[in-house]
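Open the model in your viewer and keep the selection panel at hand.

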Amino acid sequence: INIKPMSFSFFFKKKKQNLFHNMVDFHNHILPGIDDGSKSIAQSLKMLDIYQDLGVEAVIASPHIYKDLYPNTPESISKSFETLSPKAIQKNVEMKGYAAEYLVDEFFLEHLKNNTPLLCCFDRHVLIEIPFIGRLKILEEALFAMQNAGYTAILAHPERYAAIHKTTDLENLKIRGAKMQLNALSLKGYYGPEARKKASEWLVKDQYEFVGTDAHNEQQLLKLKSLQLNKKQRAAWRKVCERQAEQVNA
């Protein structure tokens with residue numbers, strides 16, 4: 001009798017963790033043709049299919065507003081959203097709306113100075129980023145101006161910035177009114193070991209209020225299918241997701 005040897009992979013197959021179940025992802029670049037994200041409606045629809053596989057409930061699009069590279073406006077973002085939305089109705093993931101990811105620079109400060117309305121993810125929360133090798137002085141200036149204007153800043157992926165490398169750096173920004181958003185791909189090591197180390201540490205230390213995919217294409221979303229967290233990370237992740245759901249659905 002020929003008996004095939006049993007594969008050890010049967011015993012060690014990792015259990016699906018359903019990390020993204022019922023999540024509303026408000027940091028992504030799914031809108032077609034307006035930044036370095038999706039290049040076409042077809043690609044955006046493929047991204048929605050993978051969002052469904054991940055268990056994501058809804059998506060709030062957040063394309064870049066970066067004057068020198070992606071000079072989007074509420075009008076250009078609205079136009080792209082209205083182009084995609086009718087096609088997305090057939091999908092099981094809701095296109096819930098749109099916001100923007102603002103680069104904090106002199107043009108952003110000018111918007112605040114002139115009381116130009118900002119695109120909010122929900123309530124008065126605005127997603128912002130800084131240059132990856134930028135200094136924190138302009139960010140601190142922006143946080144002060146945002147608070148005075150009645151906005152709450154969500155700092156995208158703090159683990160990726162060279163200028164933010166200690167927990168105390170985060171705490172100082174929180175004192176100035178910022179909330180922190182984790183990029184899920186950071187935990188995969190997608191942006192390198194340093195970002196992964198900071199993301200893992202700050203997640204367990206309960207330094208994040210939000211989590212997002214920051215997905216620019218379907219390949220990045222596919223990588224999140226294999227994201228596995230240890231027990232401490234999963235407990236912290238669940239806390240973040242619960243807080244996020246309360247804010248987004250308020």
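**Stop 1: helix α9**

Select residues 231–248, which form helix α9. The helix has 18 residues and reaches 26 Å from its first C-alpha to its last, close to the 26 Å expected at 1.5 Å a residue. That expected span is 1.5 Å times one less than the number of residues. Helices (H or I, at least four residues) and strands (E, at least two) are DSSP runs, numbered from the N terminus.

Before going on, note that this is a predicted model, in which local features need pLDDT of at least 70 and side-chain atom pairs count only at pLDDT 80 or more, while totals for chains, interfaces and linings use all residues. Residues are numbered from 1 along each chain as its sequence is written, and side-chain values use heavy atoms, with hydrogens and water left out.

**Stop 2**

Show side chains for Q233, A236, W237, V240, C241, Q244 and V248, which are buried in α9. They cover an arc of only 140 degrees around the axis, which puts them on the same side of α9. The arc is taken from the directions from the helix axis to the C-beta atoms. Buried means under 20% relative accessible area, exposed over 50%, and partly exposed in between (1.4 Å probe, protein chains only).

An α-helix has 3.6 residues a turn, so residues three or four places apart point the same way.

Now turn to the face away from the buried side: K231, K232, E242 and E246 are the exposed residues there.

What covers the buried residues of α9? The elements in contact (heavy atoms within 4.5 Å) include strands β1 (24–25), β2 (58–61), β4 (94–98), β8 (178–183) and β9 (210–212), together with helix α7 (193–204).

**Stop 3: the N-terminal end**

Select N230, which caps the N-terminal end of α9. A side-chain oxygen of N230 lies 3.2 Å from the backbone nitrogen of K232.

**Stop 4: D206 and its partners**

The whole structure has 8 salt bridges, each a side-chain nitrogen of Lys or Arg within 4 Å of a carboxyl oxygen of Asp or Glu. Select D206, K239 and R243, which are linked in a network of such bridges.

The side chains of D206 and K239 meet at 3.5 Å, N to O. D206 lies in the loop between α7 and β9 and K239 in helix α9, so this pair ties together parts that are 33 residues apart in sequence.

D206 also meets R243, at 2.8 Å, N to O. R243 is in helix α9 as well, so this second pair ties together parts 37 residues apart in sequence. Relative accessibility is 30% for D206, 42% for K239 and 27% for R243.

**Stop 5: K225 and D53**

Next select K225 and D53, another salt bridge, with the closest N and O atoms 3.2 Å apart. K225 lies in the loop between α8 (218–224) and α9 and D53 in helix α2 (residues 41–54), so the pair ties together parts that are 172 residues apart in sequence. K225 is partly exposed at 44%, and D53 is partly exposed at 43%.

**Stop 6: the cysteines**

How many disulfides does the whole structure hold? The search finds 0, taking a disulfide as a pair of cysteine sulfur atoms within 2.5 Å. C121 counts as buried, at 8% relative accessibility.

Conventions. Polar contact = N/O pair within 3.5 Å; in protein donor to acceptor, adjacent residues only side chain to side chain.
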